[in-house]
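Hello,

Please find the structure below, followed by notes on what was found in it.

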Amino acid sequence: MKRRAFSLLEIIIAMAFLSVAILSMFWMNRASNQGSMDAYYEFLAFSLAREPIEVFRGFGYDYLKMIADGNVAPPAWYPVGSFNDIDFSLMSDMQYPAEARLFQRQIELTPVNSGKLNGMRIKVTVAVKGQSRVEVWMSRKSVSLESIVMERPK
Amino acid sequence: MHHFPKPARRSGVAMFSAIFVMIIVGLLALQFHYMTRQAQSSAHRFQTSEMARQLAAAAMEEAFMYVHNETANPGSAFFKKLTGRSNDIDGSSTSLDNKNSKGVTVPVALTLAQASTMPMGSRLNIDATARIIDFRNSDSTGAKYYGNEGVGTLELRVIAEPKPEFRKQMQGACTITRHHDYKVVAIITRRTNSTQRSAYAGSFILDYALFVRDGQEEFDAISGLSLNPAKQKLTIDQTGLTSDKAGKIYLGNRRNSSVYLNIDAARQNFIPEPRKKEKILQVDDQAVFKLLPQFFNQVRAQAEKAVKSKGASLKGFSMSGHSAYFEYKRYPVTDEALTPIKDMKDFRTATLAGEAKFNNQKESAEVYPGLVIKPEAGLVDVLEGDIRQRYFHFGYFYVDMTNCKIWVKAKKSGQSESETIEITDPALINQFKNRQIPCFDADHFTGITDNSIDLRYIKDNIANTYPEVICRIDKENRYLQNANSTLPHPGMFHFRNSGSLDDATLASVPFAQVNLWARRNVTPQQLQEFGIYVPGQKKLNLRGIVQVTEAITLGAEGNIEVEGSGVLIAPGITISGGIKKKDADSACVLLTRGYPITVNTTELVEAALVSIGSSNRNGYVVANKKLNLRGCLAADRLNLAKWAEGVEHKIQYDPAFKRGDDLYQVNLARWVTFERMVEQDE
């Protein structure tokens with residue numbers, strides 16, 4: 001009596017299809033995971049870049065010029081001119097997401113002018129710290145954002 | 001017969017279950033992937049939107065500063081569009097649906113330059129526009145401001161959006177709309193010298209080289225010395241200015257009253273012709289006897305004596321060979337002009353005192369020259385109000401008896417014919433050799449005149465027909481070389497009222513529309529912080545009207561330079577150094593209300609010095625040193641007695657105040673009154 005069954009070939013073919021399907025799902029899942037984390041860290045990096053621009057806009061041109069000229073020191077949270085860790089303590093007024101520690105930030109102030117108009121160009125670059133997990137997830141190593149704060153009438 | 005085993009009932013269930021699970025897992029994975037793509041898209045959108053927002057914010061700041069700077073320059077195209085409310089920028093009467101049809105492009109070169117250096121920024125179009133969305137050219141009572149003056153709202157709009165070729169890849173965009181209030185105020189307003197103003201304008205005072213609002217009160221209170229000072233000399237010099245560029249002069253008289261300037265020797269050509277008139281009325285010998293009663297009595301005594309010695313009776317006496325008539329001459333009225341002429345100063349003083357006593361007025365015994373206004377030929381174009389010249393009209397009785405013979409008619413009793421006897425008394429004749437006997441007004445003069453001329457007889461019998469025979473201090477003629485010309489009364493206006501005023505003391509103060517002031521209640525410290533007055537740089541930066549809370553000193557560090565046009569209002573201003581305008585067409589107005597403006601420098605001051613108050617009316621300008629003003633001077637009172645003595649103060653009118661058109665200033669508020677930001681194109 002002969003029983004009906006799948007042949008080996010059938011099983012192999014089925015397993016091959018199944019493998020492709022499962023691997024595709026895994027790949028898609030991994031890619032989705034990668035993309036989500038990339039988007040998250042990009043979002044975080046951009047937020048970290050935006051923050052000093054907003055704060056510096058509030059300072060106004062005159063104060064920024066004094067900082068750029070070296071006449072006054074920038075606020076401790078916003079060092080100017082070089083990459084610095086975004087460090088904070090739980091007790092400080094300034095709070096960031098924990099992953100912010102995984103980034104470094106550079107704030108650059110450059111005077112610009114056109115005719116009688118004077119402004120201060122602010123460029124903030126947020127870069128991934130080396131040897132951090134962000135390096136794994138984030139596709140770009142740094143993001144930057146720029147704006148200008150104009151001299152205003154007194 | 002074969003019996004096939006029945007298939008197991010659950011055969012294939014596992015397969016279908018596995019497939020089902022696979023499908024579910026697959027769907028979840030797809031959903032996860034979809035969400036991931038959404039997250040990535042959101043992150044990208046966030047980045048592009050944030051970049052667009054930052055660039056739009058930068059462009060907005062740049063656009064504001066561009067507009068701010070352009071509106072500081074009355075010659076710029078944008079300034080003219082804004083103040084003239086040209087059709088392309090004025091959306092104040094446009095419906096909201098169509099408001100985007102209005103607006104002029106504002107360049108944002110710095111922002112565009114920055115965007116071009118950014119990988120994603122270079123894919124953006126950044127456009128800035130400005131338009132008027134509201135403008136009020138009348139105040140809260142509905143009274144209209146002058147010309148283009150008013151308070152408005154300027155809308156600045158910046159759109160940062162992807163260029164068309166990148167719109168599929170980039171969706172981030174940003175539109176920022178801001179409103180800034182602004183004020184348009186006229187610092188100089190058009191005025192032609194041949195016409196009067198028809199409505200109030202805050203700068204009306206700049207029409208005048210010299211304006212004394214309460215001049216009549218001051219003039220009357222000190223018997224004219226306000227304009228004819230004892231020890232000060234003030235010259236208003238407009239030499240070289242054409243009549244349409246010259247400043248007006250108003251010395252404060254009310255409509256039905258007048259003020260005068262004393263005529264001195266240098267201006268005796270002002271005195272109307274004829275300045276000398278001979279033989280107005282020739283008189284006979286009998287009239288001479290009536291006019292000169294003392295002489296008549298002497299003649300009579302001698303006649304009686306002669307008649308008596310002959311035993312006759314006196315029948316009368318007569319005179320022949322004499323000259324006797326009334327004449328007049330017109331002289332300057334001042335001491336310096338009359339002192340060299342024998343007795344003339346005394347004659348004038350007697351006339352002056354008599355008139356003053358009769359009119360119950362106080363008059364100084366000394367008479368000083370009045371203000372000097374140059375050029376004298378063009379006075380009819382610049383004088384306003386009833387300004388008169390005061391000179392001495394010397395009416396006198398001329399008599400000369402050098403060749404005179406006096407005859408007495410005597411008749412002896414019993415004789416039918418009279419006998420004629422000549423009186424030969426050289427002493428009697430010699431006292432009337434070429435004499436000018438002043439004819440004072442009998443109603444004014446109660447003293448004894450030379451040879452006791454009968455003033456009452458002259459007044460009652462001659463002066464009614466020939467009034468010019470009487471001495472007088474003449475104030476009937478305008479202060480003009482052609483005294484017949486008339487002078488207009490200035491047109492002035494009560495605050496916000498359209499009707500003109502007769503009485504200058506009721507006139508509105510200059511720059512009275514506080515709604516149009518750029519800044520109020522600024523402290524002297526803030527004046528420096530705002531960069532308006534920077535003593536360290538010796539700069540005064542004017543733009544519109546600024547009111548300061550405390551008295552200020554300008555030029556303590558040395559001569560200062562004025563840039564821009566505007567008005568500085570303070571409760572007391574001291575000028576310690578020269579003031580020089582950077583731009584000849586600009587205007588610097590220093591204004592106090594009820595407080596003095598003190599000038600402590602001999603350096604050239606290029607400014608309008610205005611000290612005119614509304615409730616406090618004691619404003620004046622005082623020059624403690626020789627004043628060298630190029631601008632104009634206006635005050636409640638002139639108060640010349642407080643000015644430095646023994647020097648010649650000079651006011652030169654600045655023709656920039658008669659520029660032929662209006663000079664506006666625009667003050668754009670730093671404050672944002674409305675802001676809307678949307679991360680897409682509207």
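**Chain A: helices on a sheet**

Helix α1 (residues 8–59) of chain A lies across β2 (103–114), β3 and β4 of chain A, and runs at about 20° to β4(A). Helix α2 (residues 61–68) of chain A also packs on the sheet, where α2 touches β2, β3 and β4 of chain A, and its direction makes about 65° with that of β3(A). Contact means heavy atoms within 4.5 Å; axes are lines fitted to C-alpha atoms, for helices over the stretch in contact, with angles from 0 to 180 degrees between N-to-C directions. Helices (H or I, at least four residues) and strands (E, at least two) are DSSP runs, numbered from the N terminus.

This is a predicted model: local features need pLDDT of at least 70, side-chain atom pairs count only at pLDDT 80 or more, and totals for chains, interfaces and linings use all residues. Residues are numbered from 1 along each chain as its sequence is written, chains are lettered from A and ligands numbered from 1 in the order in which they are written, and side-chain values use heavy atoms, leaving out hydrogens and water.

The sheet is open, with four strands in the order β1-β2-β3-β4 (chain A) and antiparallel pairing; strands pair if DSSP finds at least two bridges between them. Since β1 (84–85) and β4 (142–150) of chain A each have a single partner strand, one side of each is left without a neighbour in the sheet. Nine bridges join β3 (residues 117–128) of chain A to β4(A), and V126(A) has V143(A) as its bridge partner.

**Chain B: a buried glycine**

G578(B) sits in the loop between β26 (573–575) and β27 (579–581) of chain B. G578(B) counts as buried because its relative accessibility is 3% (buried means under 20% relative accessible area, with a 1.4 Å probe and protein chains only).

Regards

Technical notes: Buried means under 20% relative accessible area, exposed over 50%, partly exposed in between (1.4 Å probe, protein chains only).
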